[in-house]
Amino acid sequence: MQLDSDVAVIGAGPAGSRTARNLAHAGLRVRLLEEHRRVGVPSHCSGLISPRTLREAEIGEDAIIHRITGAFVHTARGSEVALGGDKTRAVAIDRVRWDETLAEQAQVASADLVRARLTGVERENSHVRLHTQTDGRDSAFTARVVVGADGAHSRVARSLGLTGPAEKVYCLGIEGRLKTPREEFVHVFVGHDLAPGWFGWIIPTGDGGVRAGIGSGNAVKPIACYRRLTELFPRLFDGIESCRLYGGTIPLDFAPRSLADNVLLVGDAAGQVKPFSGGGIYTGLVAARQASAAVLRAFENDDCTAAGLAPYERAWKREIGRELLRSLRIRHFGLALSEGEVERVVGALRSEGLQQLASRHGDIDYPSRVLLRLARSLPALGLLAWITLRRPAATWTLLRANLPFAL
């Protein structure tokens, strides 16, 4: 049977566009579906990435709008500590331009960008049939493999019986204008009463622009958390001009499986997101690289079953899975602490020894590396012993982040 395409990629975000580009460049017939009229619009992302992500994306620095060198960490009780400040740690990007550039790369490689909304997928023998809708008109096409890059509420996963990530947070973001104390520093706000299960943020984007927001992991609505945030920190939020509000869901753990017969999940759909920050651009690009390699191998072997695609899950977990699981365990350790214990931890970060460690090893893509170094350092041992006496189960969670494990 002659199929309409070799691979259908659903979602023209970074992970989807990069997967489509790699597969089309290798000679496969690729359809890249995007439900919105313009790629990247509306944006649901704070757009803060590392220099490493720029290299992984292979698109240069045109989308950079501001450089970040450090962070202020604030607690709900008013404590504050400054970290970094010595070199560029992250960059704020024009997320719409970023997504458009990656999609254009896919088109240059001969991927066919189709404006359509996926309504369902079903298996037929050794391929899949995809049902779409454009401006109210229904249509369908066939492909041998479908790649779900369609976010935390992946329709691809639901249609084909794949379970999504269980742990999620719900966020509110604000794009606006605000004068911040130091434009090269982000602000992070922590505390269970302030942002249950998550945190708040202010990211300067240059020339008085900011991206602010907050998230919640329980029933408290993010808008209520944001109101409390602005009330607790009037010095930082007074005078903010909100230009655009947006919401989003961030998965924080792996989907139980990122593949099945004729299907792969990449990016948020697979839960390939940093549990400590919610960032998914770098991890999505890494997964896209591994997904495209696995699909090409499956086509070479004429085996697009789950067994033929299995190298994908092993490869992405080998490259980033250990970091994601470590960060998830460190996150659970933090969630187990009381407000007073969080205050003690933030206060400890003011010590010269921990400041030097944080400056030397800080890495937003691999945060567990510096966090575990900090936990094992001499200045932190007394605090960790105190927490252990009060919260032995939480400390065991932290210790597990250091243990070898099989993914």
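Strand β7 covers residues 90–93 and pairs with β3 in the antiparallel sense over two bridges; two strands pair if DSSP finds at least two bridges between them. Strands here are DSSP runs (E, at least two residues), and helices are runs of H or I with at least four residues, both numbered from the N terminus.

Both strands belong to an open sheet of three strands, ordered β3-β7-β4 with antiparallel pairing. Because β3 (48–49) and β4 (64–68) each have a single partner strand, they stand at the edges, and one side of each is left without a neighbour in the sheet.

## About the model

This is a predicted model, in which local features need pLDDT of at least 70 and side-chain atom pairs count only at pLDDT 80 or more, while totals for chains, interfaces and linings use all residues. Residues are numbered from 1 along each chain as its sequence is written, and side-chain values use heavy atoms, with hydrogens and water left out.

## A look at L113

L113 lies in strand β8 (residues 112–115). With a relative accessible area of 14%, L113 is buried (under 20%; exposed is over 50% and partly exposed in between, with a 1.4 Å probe and protein chains only). Leaving aside residues up to four places away in sequence, L113 touches A12, L32, E34, V39 and Q107, where contact means heavy atoms within 4.5 Å.

## The whole chain

The protein chain has 14 helices and 18 strands. Buried residues make up 56% of its 407 residues.
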